[in-house]
Amino acid sequence: MLSSVGVVLHPSRAPEQAIATLMDWAARHDLPVLGLVEEVGRINCAAQPVAASELASRSSLLVSLGGDGTMLRTMRLAHRASTPVLGVNNGRLGFLAEVDLDELPSALSAIDSHAFTVEQRASVTCDHSGGESVAYNDVALVRVPGDGVAAVEVLVDDEPFVRYAADAVVVATPTGSTAYSYSAGGPIVSPRVDGLLVVPAAAHSTFNRALMLHHDEHLVLRVLGSSGRLAVEVDGQVAGYVGPGDDISFRVDATSGNVVRLGRSTFYDRARRKLRVLGSAEAF
């Protein structure tokens with residue numbers, strides 16, 4: 001049974017009708033609505049401001065009103081709190097969202113009738129010179145323009161496997177396989193798979209293949225002496241910088257994220273629609 005609802009908004013867009021729908025639904029169920037201190041003014045005067053560190057623990061459901069970036073931010077706020085996240089697309093692609101804005105009333109009705117499931121999603125935590133960062137899509141070591149190529153060695157369980165020279169090296173969860181990793185030529189991976197992808201973007205080396213690891217295998221990316229300075233991008237946001245001699249360690253939490261699913265479409269249906277997967281013309 002729900003006891004409160006937390007809302008996270010897109011940084012610049014706040015859909016008034018969707019917010020009104022959510023507030024009315026919460027009022028009918030006598031549920032307090034919580035929002036981040038910096039966003040609550042865009043939600044409703046009846047919403048209660050809470051700190052980012054408390055939003056997930058004080059909410060029994062989180063609603064993300066935005067695009068994929070907002071959904072990822074909401075999942076990071078809920079990291080290890082076990083609070084399920086309902087994604088409502090108010091962005092462009094909206095691959096991670098479960099419903100679009102006009103479907104919010106029916107989604108809330110489904111929650112009322114318990115006609116939903118909660119799907120677990122993996123996160124990846126990386127330790128780097130800027131500290132510890134958590135991602136639900138990907139962590140990328142990206143060359144800084146003018147500073148040279150990203151020269152990185154991949155070590156699995158302390159065993160050197162391959163060296164990449166590329167514009168970036170992307171470490172992606174299965175959820176993130178449809179994001180930066182996909183743009184770099186990586187495979188589409190079901191979010192139900194327990195694993196971690198390592199994908200070079202615009203590889204300058206002969207070996208340019210992606211590597212799929214089991215989530216229990218320990219991954220380290222070592223920045224080689226021939227590398228330039230690299231930005232550490234966590235779900236698309238710069239979290240720090242690394243350089244030659246630095247080791248970046250990764251670990252997977254296979255059950256840290258929880259997203260609400262209403263059973264209206266499968267992962268593969270969304271992939272076909274959102275990524276416009278059409279297949280080869282010769283196959284028709």
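Between which two elements does the loop that holds R80 lie? R80 lies between α3 and β5. Helices (H or I, at least four residues) and strands (E, at least two) are DSSP runs, numbered from the N terminus.

The model is a predicted one: local features need pLDDT of at least 70, side-chain atom pairs count only at pLDDT 80 or more, and totals for chains, interfaces and linings use all residues. Residues are numbered from 1 along each chain as its sequence is written, and side-chain values use heavy atoms, with hydrogens and water left out.

The protein chain contains 6 helices and 18 strands. Its C-alpha atoms fill a box of roughly 60 × 50 × 35 Å along the principal axes. Of the 284 residues, 52% count as buried. Buried means under 20% relative accessible area, exposed over 50%, and partly exposed in between (1.4 Å probe, protein chains only). The accessible surface comes to about 13000 Å². Carbon and sulfur atoms hold 50% of that surface. Areas come from the Shrake-Rupley method with a 1.4 Å probe; for residues, only the protein chains shown count as cover. Among contacts with a separation of 6 or more, 67% join residues 24 or more positions apart. Contact means heavy atoms within 4.5 Å.

Charges were examined next. The protein chain carries 23 positive and 32 negative charges, and their mean positions are 5 Å apart. Lys and Arg count as positive and Asp and Glu as negative; His and the chain ends are not counted. Each charge is placed at NZ of Lys, CZ of Arg, CG of Asp or CD of Glu. Side chains of opposite charge can pair when their charged atoms come close. A salt bridge is a side-chain nitrogen of Lys or Arg within 4 Å of a carboxyl oxygen of Asp or Glu. The count by this rule is 14 salt bridges.

One network of salt bridges links E98, E119, R121 and R261. In it, R121 pairs with E119, with the closest N and O atoms 2.8 Å apart. R121 is buried, at 5% relative accessibility. E119 is partly exposed, with a relative accessible area of 24%. E119 also forms a salt bridge with R261 (3.8 Å, N to O). This pair links distant parts of the chain: E119 lies in strand β7 (residues 117-128) and R261 in strand β18 (residues 247-261), 142 residues apart. R261 counts as buried, at 7% relative accessibility.

A further salt bridge joins R251 and D127 (3.1 Å, N to O). It too links distant parts of the chain, with R251 in strand β18 and D127 in strand β7, 124 residues apart. Both residues are partly exposed: R251 has 36% relative accessibility, and D127 has 29%.

D138, in strand β9, is buried yet has no salt bridge. The nearest side chain of opposite charge is R76, 8.4 Å away. Beyond its neighbours within four places in sequence, D138 contacts residues including V170, V171, A172, Y180, E233 and D235.

V144 lies in the loop between β9 (138-143) and β10 (150-156). V144 is buried, with a relative accessible area of 14%. V144 and G228 are 84 residues apart in sequence, but their C-alpha atoms are 7.3 Å apart in space. Leaving out residues up to four places away in sequence, V144 touches R229, L230, A231 and Y241.

Helix α3 (residues 68-77) has D68, T70, M71, L72, T74 and M75 buried. An α-helix has 3.6 residues a turn, so residues three or four places apart point the same way. The buried residues of α3 pack against β1 (5-9), β4 (61-66), β5 (85-89), β7 and β18.

Backbone angles were also examined. Most residues other than glycine have a negative phi. R80 has a positive phi, near 65 degrees. R80 is exposed, at 52% relative accessibility. R276 also has a positive phi, near 55 degrees. R276 lies in the segment after α6 (267-275) and is exposed, with a relative accessible area of 70%.
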